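This briefing walks through one protein chain, topic by topic, for a reader who is new to protein structures. Please keep the sequence and the model in view while you read.

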Amino acid sequence: MSLLEDLNWRYATKKMNGETVPQDKVDYIVEAARLAPSSSGLQPYRLFVISNKELLEKIQPIAFDQAQITDGSHLLVWAAWDGYSHNSISEVFEKTTSERGIPKETMDDYKTRLWGMYEPLGNEWHANHAAKQAYISFGLAIAAAAEQKVDTTPMEGFNSAALDELLGLAEKGLKSVVILPLGYRDTSGDWLVNLKKYRTPKEEFITEIK
C-alpha cells in the first residue's frame, strides 16, 4: 500500500478499543520519529514512550480527560529542549563528527556561525524553534503508524506545565510539546470512523509558481 493510501486510511481516532500494539510496530514508529530531519541535525527534543497504565491514568486528566490516553496502548510524548546553548550544540556536533570518523574541529566554523545566529534571539525563540523541530518528528511518527495500520490521535490539548511536572521534564531541560496515543480504533463506538475524510481541495491548497 502506498503512503497516500495509508494517509487516506488514517484519521484522528476518537475511541480506541484497548488492544495492545505489538512491540515491533511501536519500535518501527519510534524509529521513524528518531530518523526525522531537524535543523542542523540537532534533534533538540526527546521522545518518551509510555505504556505504564498507572502513569497513563495520571496523564488523562492532564489531557482534559481524553479517553484515548488510557484506551490506547502507548502514549508518545515529544519534549523539546527549553533552549539552546553553546554547550548543547557542541555536544551534538562532537557526537556527529565522532560517528562519522572525522576530526571534531571539522564543524567548528559552522558551530560558531550557528550559535552566533541563535544566541541573540533569546530563550523564547530557542524554545519555539526546538518545538518546531519536534513537530517534524511527530508528523513522521503519524505517517509510520498509518503504514503499520496503527491508529493515532494527534494531541495538543493538554496542560504542558502539569505534564512537565509529572514527568520531571524541567530537570532535564525539556518542555512537553505534543503527544500521540497509539492504539486501534473501536469501529463500533467511534463517531468519526465512517465519515468521509475532508481536506482542502488541491486547487485551493496548492499554488504553482513556474
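Predicted model: local features only at pLDDT ≥ 70, side-chain atom pairs only at ≥ 80, totals over all residues.

## An exposed leucine and the overall picture

Leucine 4 is exposed, because its relative accessible area is 62%, and exposed means a value over 50%. This residue lies in helix α1, which covers residues 3-9.

**Surface and chain end**

- Leu3, Leu4 and Leu7 form a nonpolar patch on the surface, and together these residues have about 290 Å² of accessible area.
- Isoleucine 209 is found in the segment that follows α9 (202-205), and this isoleucine counts as exposed because its relative accessible area is 78%.
- Although isoleucine 209 and glycine 157 are 52 residues apart along the chain, a distance of 36 Å is what separates their C-alpha atoms.

**The chain as a whole**

- The secondary structure of the chain comes to 9 helices and 4 strands, and, read from the N terminus on, these elements follow the order α-α-β-α-α-β-α-α-α-β-α-β-α.
- Taken along the principal axes, the box filled by the C-alpha atoms of the chain is roughly 60 × 50 × 30 Å.

- The 4 strands form an open sheet in the order β1-β2-β4-β3, and their pairing is antiparallel. The edge strands are β1 (45-50) and β3 (151-152), each of which pairs on one side only.
- β1 and β2 pair in the antiparallel sense over 6 bridges, and here tyrosine 45 stands opposite alanine 80 in β2.
- β2 also pairs with β4, again in the antiparallel sense, over 8 bridges, and alanine 79 stands opposite serine 176 in β4.
- β3 and strand β4 (residues 174-183) are joined in the antiparallel sense over 2 bridges, with threonine 152 standing opposite leucine 182 in β4.
- How many of the residues of β2 are buried? The strand is mostly covered, since 8 of its 8 residues are buried.
- As a general point to keep in mind when looking at strands, the side chains of a regular strand alternate between the two faces of the sheet.

- Which residues of α5 are buried? They are Ser88, Ile89, Ser90, Val92, Phe93 and Thr97, and what covers them includes β2 (74-81) and α6 (108-118).
- Just after α5, glycine 101 takes a positive phi of about 70°.

**Helix α7**

- Helix α7 (residues 122-147) has 26 residues, and the distance from its first C-alpha to its last is 39 Å, which is close to the 38 Å expected at 1.5 Å a residue.
- Just after α7, lysine 149 takes a positive phi of about 60°.

Definitions and conventions:
Residues numbered from 1 in each chain as written. Heavy atoms only, no water. Patch = residues over 30% accessible without salt bridge, like charges linked within 9 Å, V, L, I, M, F, W, Y side chains within 5 Å. Areas by Shrake-Rupley, 256 points an atom, 1.4 Å probe, with all protein chains shown as cover. Salt bridge = Lys/Arg side-chain N within 4 Å of Asp/Glu carboxyl O. Buried < 20%, exposed > 50% of the residue type's maximum accessible area, 1.4 Å probe, protein only. Expected span 1.5 Å × (residues − 1). Pairing = 2+ DSSP bridges. Contact = heavy atoms within 4.5 Å.
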